[in-house]
Amino acid sequence: MKYYNIHSHTFTMNNAPRHFLRLYLPTFAADAVDKITNTQVGAGLVQSLLSRFGGDGGKKYASFLRIGKSASQLDVFENLMAQYDDGDMRFIALTMFMEKCGAGESSSGFEGQLEELLQVKKQYPERLNIFLGVDPRWKSNGKELQQTIARYFDTQLRISDTQSVYPFCGLKLYPSTGFFVYDKRLMETFEWAAENDVPVLSHCNYLGGIYNNITSDIAAIMQTQNGFSNQTFNQGIIKKKSGVGNWLLGRGQANNNKYNCSYFLDPQTYVPVFEYFKNKPKPLKICLAHFGGNIQMRVSNNIETRSSYQAPPFGSTPVNWFDQIKDILKDYPAAYTDISYALFDQEIHKIILDKGLLDTDAGNRILFGTDYFMTEQEQPEKQTYHVFKKAAQALALPGSDANTVSAWDKIAAMNPATFLSSKYFS
Amino acid sequence: MNWTNIPFVATALSIVICWALFAMLCSFINEGVAQAKAERGRFLKMYLLQQLKDLPNGVNWATLLYMHGAVDLLSRAPEKPTAEISPSLFAQTIVEVVGKSQVAQMARVQAGAAPLYKNMTLSDFKTAIHSLRHSDVMEYFKQALNDAEIKSAASADSDREAAIYNQLLSNLEKWYDELMGRVSLWYKKQVRQRLLMLGILLGVLLNIDSIQLFQFFNQSSTARDVVTNFYLQQPAALSNTANRLQQANDAGQTPGLRDSTIAFALQLDSLSKAAELPIGWGNRFQKNKSDGFWARIGSDMEYTLGIVTDCGDWWCNVWKSTLHILVKILGILITGFVASMGAPFWFEILRKAYSTRK
């Protein structure tokens, strides 16, 4: 049986926008950390200092930067493989279009990011599968976007004189960088994807991840017309007052931008797309990654004790995102989700590894992923993987015949195989 | 009469000798740090990434260049890129990475045209540069290939592709050489800036004040003699070491650097003690020998910074103390500037000065 980590990243700071760190740190700190961590000595020093004096936040950035500053995506991928003693594990690396999230352009360029990862695939064609990052702003219109994507998918990658493979097997969306998934410029691409069984994986972690930091852009994006239905989601701009600390550090507006960008990830914004394809000959497989995030899972199950997280989420409805995604899984047979990033939180394992959830039709569409190397901020990949795998292997579920299957086999092997199946996937 | 014995001249030469030795120490340290950080390799990579960034096509060709095995295998570690890529390696590799890139392959498949040359590397390269979007980088590659094709027009059919390929490589190598010339100049500029900052830092940490040194040499003929003799015992050796270090700072590695640096620092320490130079904090001008370490630091700083407490008038004390502190800052800035000029510069002045004495 082949196992899949459906959600991992190999991009380096070379592929990230120039001022990426400014999305998370005050400008002066971001620039200083960026410069100092250019060497291993500097990175080690920053890691040591942040671990001692930076609290949880500091430790996160230190671990994250250590990998992000790797020389190439090859190094990151080999580092990822080294965390697994399981030679059968395959990895899905998700490329991301981050050129327009208000942090400048990347050094490598987006196409350069793809080229780099394709070089890695040439070296590890069996173990690495790649999802192509999609953003409606990448090309000038929807038709050009779809044609470009189709060309990328259909132009085979020459591994050797006797072997060529399809380079990509899925699409990755990251709406919080500045678009709605129902943007009509994505219509042609989604139709092509549905026609060709190409799966789509979209970031859906409440208030987590990368966001658009251009305030004026966010206001304009809120007006995006729904290309798939008449439903609108313009909720108005959030303008929370920042505390003195955030104000002094220049983080007030950035935090507001992060809250506003949560609208672009709102699970309800996917409903028009699911509805559109519901009655089509072929459905569009969409995975709402992260299952809403570990915080939303904890709140939904009343195990979150921190009062600051109890407030209803920003979005079109004040309903917990974990609950919303569960409902979407029930209502739409082509909806999937994964447990990446949230997995580091061992308290949510029992929420996922629940027969009441996994032994249902929705349970056939929950996928294993870790979100490496983002989760290095929380704990090492090896630990995340081993702890969850052990717990999942211990849960037996009814199989399709009289035998049982473990939750691990279901989430990490069987479900992903269904999600990924297409002519582009091998 | 030996004009170098004139007190004022001797004072000036003594201070120049100190400057030359200090600049050399800074160069040693700078080179050590640069080697540890693989500074030259990073600098080269930074500029190649900058120059070969192809925005319209969304690709940075330098990134793909560094990922290519031929270049990657030259680096000692992922975060320590090679400090040198030969022109021929650059040319051959860039032709290959451009032609074999997926964006180029996609364009080739879309165009559906037959190969333009029998040689696939050349064919892929030409297809790529004519299919991809117009950009500075593509414009240059087109020019290089056009030139190669024109110059090879007279070649026999059987040799033409080889002639075009060789001429293309030659064109790319020439461009790369020109770029490397500029990169070297930029790197030297960065080295000078680093030496300036290092000189100021060491000046503060070790209390190396050029103005105070000048005053000291002006008053002490014994110290002048000690320093001058140190130099005159080994002028050529010192100068050669300084030149080698300068070359290493600008371009290459220096074997045994750590040991050389330590040996040189020990030599300077001995010289400083022998000449009783006013260098360092807290070990010379204490008011009372029985004072503890911090008391000595305090009294040394009072002396060195010229903090005045007995002028009789508060404003007078503040004014004089401020003036002394400003002079101290100026003295250290001069020390930093001295380091940035580089040791060979000062040794050359000494060589000319001492070659004229009778």
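Modeller: Let me begin with pairing: two strands pair if DSSP finds at least two bridges between them, and strands (E, at least two residues) and helices (H or I, at least four residues) are DSSP runs, numbered from the N terminus. This is a predicted model, in which local features need pLDDT of at least 70 and side-chain atom pairs count only at pLDDT 80 or more, while totals for chains, interfaces and linings use all residues. Residues are numbered from 1 along each chain as its sequence is written, chains are lettered from A and ligands numbered from 1 in the order in which they are written, and side-chain values use heavy atoms, with hydrogens and water left out.

Colleague: How do you know that strand β2 (residues 89–94) of chain A and β3(A) pair?

Modeller: They are joined over 4 bridges in the parallel sense, where the definition asks for at least two, so they count as paired; A:I92, for instance, has A:N129 in β3(A) as its bridge partner.

Colleague: Why do β1 (3–8) and β10 (366–367) of chain A stand at the edges?

Modeller: The open sheet has 8 strands in the order β1-β2-β3-β6-β7-β8-β9-β10 (chain A), with parallel pairing. Both β1 and β10 of chain A have a single partner strand, so one side of each is left without a neighbour in the sheet.

Colleague: What makes the residues of strand β6 (residues 170–173) of chain A buried?

Modeller: Buried means under 20% relative accessible area (exposed is over 50%, partly exposed in between, with a 1.4 Å probe and protein chains only), and A:G170 and A:K172, pointing one way, and A:L171 and A:L173, pointing the other, are all buried.
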